[in-house]
Every structure is written in C-alpha cells, then in structure tokens.
Amino acid sequence: VNSGRVAAEVVPIDERTLGLPLLYLNKFGMGKEEVDRKEAMMKNNATHVLTFKMSLPPLGYAAYNATRVAPPADTPTTHVRQPMDTFTIANDIYEVTFDTTKGTVSSIFNKVSNLSTPLTIDAAWYNSSSFGGCTEGSDIPWDLHCGITASGAYIFRPNSSTLFYPGPGNTPTLKLVTGQHVSEVYQTFSSWATVVYRLYEGKGFLEVEWTVGPIPIETPWMPPVHAKRPNYWGKEVVMRYSSGLQSGGVFYTDANGKEMVRRQRDARGPSYPKFVVTEPVAGEFFP
C-alpha cells in the first residue's frame, strides 16, 4: 500500500463542456423566467478537471483521495490566432504538430522510433439519403441489391461521397492549454462541432475527444436547393483520419476496449461470398 502523494494539476473546463447539460433542456412552451430557472438548476457548477497519474494493477483496483490544499491555479492558455506558424504539443514519446493556417493537426512524430507521418483529423458530414438506392460510386445498379432503406437510426447511408464542413466557415479555430502533466488543444469547427486533443505526460497515445450536437437540419450557409422550400439537409457526421501510413488498406479498430479488430478496406474473409461494393462510404466506417 502506497500512502504517498501523487503529482496532480487542475485544468479549467472549456465552455463547450460546461454547456452540455443545458442541451437537455426542452424549452418548448416555456417563458423566459421558467427557462432561466431551469437553466440555473441544470447548469454545470464544476470549474476544473483534476488530472493525476495513478497505478492500477491488472484485474484490480486502486483508491485515491483528493484534498484541496489551495485555490486552483489555472494552466496557461493560448488562443492561437491565424496566420501564425505551426505549433506543437509533446511528451516523452510523441510530438504532435498543428497547422494554424488550416486549423488542424498536420503531423505526428514518434520520438522513440524516430519516425513521423503526415496526419490530419477533421470533423465533417455527409448528406444523408432520403430514399433507397446505393451511394454514388457503387459497382452495381441501385435496383439490384441496395433496397429501399433510407438513412436513419442505426443506418449510415450517405447519398454521395461528398464531404461538407460542419458549419458556415471552412477553417477551425485552435486554443492551446499547456500544463505540467497534460497539454490540450481545443479545435472549434462551429457551435455544434468541437474536438479536444490531449497528450498526457509519459503516455504513448494521443487522446481525441469529439463533441457533436445538437446537429442542425437547417443549413442556411449553403445554396438553397429550392427557392420555395427550407434548406434542410440531413447530416451524417464523421471524424476523418488521414495519414501517410502505407498500410495496404489494413487498419485496426478498438472493440470497446476488449480487443483490436483487424480491418481490410473493400475486402471480406475467404469464407464470405465475393465482395461487391454497394456502399463505398458507409462500408468503410466501423464502430
């Protein structure tokens, strides 16, 4: 049993996260006074996140007690303004570079292997299909095997392979928060699409936390599809990772922390029938 102290720091909670509980408030039919009262009840009263290292044995548990010994000192925050040069966050294992002119990650460098690769991570959306048929680019006519199912709950079916920026702009903004044990970069695409990148001291991974919603069906920043109809676009929101890795179409996905599952683009195992591409977009996304 180790009863010693562990290093810790507090990081301010960003405005996007603070506002999440209020998204569950249904304001329909409420007056201003009732809305104010409900928001006061539901608001997030937390101000900071406590970050510290812990040792956890296999198939075991560990207990830690947190005691406030002084008012929290905010970690340094930098609002990255364009057009600045690139900036990096780093620990003992990785160095991640951000391109401020594009508002996104540009590369990642492994200090242990001395290898680097271009890397971009973007939030984007496909226009969801409102009728049956295969996505544009399929190998077969839509009426043979695609059916009549439209995009909906648990059905990811874009109506084309075109990706759209999640909001009225075209370049995300970046905010850098540097701490002793964790560095964070806040990436804002729009009021409803944000991403946080975290690099912890001594950890061999880059944490990517996305927050999406409420997803608007209104799309006033895009050209109207009909002069007399609302500009409504159903949206299939995705995170797109692009790198310079030459993997031959092979990659791995995490099955809820249980195991890493091998994936192969546009392929099936030998015991399955011959693979025919009917959904060139949805077929390449995995849970």
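I checked W233 first: at 13% relative accessibility W233 is buried (buried is under 20% relative accessible area, exposed over 50%, partly exposed in between; 1.4 Å probe, protein chains only). The model is predicted, so I kept its limits in view: local features need pLDDT of at least 70, side-chain atom pairs count only at pLDDT 80 or more, and totals for chains, interfaces and linings use all residues. Residues are numbered from 1 along each chain as its sequence is written, and side-chain values use heavy atoms, with hydrogens and water left out.

I counted nine aromatic pairs (Phe, Tyr and Trp rings, the six-membered one for Trp, with centres within 6.5 Å; planes under 30 degrees apart are stacked, over 60 edge-to-face, the rest tilted). W125 and W233 make an edge-to-face pair, 6.1 Å centre to centre with 80 degrees between the planes. The partners are 108 residues apart, W125 in strand β7 and W233 in the loop between β11 (207-212) and β12 (235-243). Strands are DSSP runs of E, at least two residues, numbered from the N terminus.

W125 is buried, at 0% relative accessible area. I found the charged end of K235 over the W125 ring, 4.9 Å from its centre (NZ of Lys or CZ of Arg within 6 Å of the ring centre and within 35 degrees of the ring normal). K175 lies over the face of Y186, at 5.0 Å from the ring centre.

I also noted a cluster of F87, F98 and Y197, linked by ring pairs.

Last, D122: this residue is in strand β7 (residues 115-127) and is buried at 17%.

Key. Helices (H or I, at least four residues) and strands (E, at least two) are DSSP runs, numbered from the N terminus.
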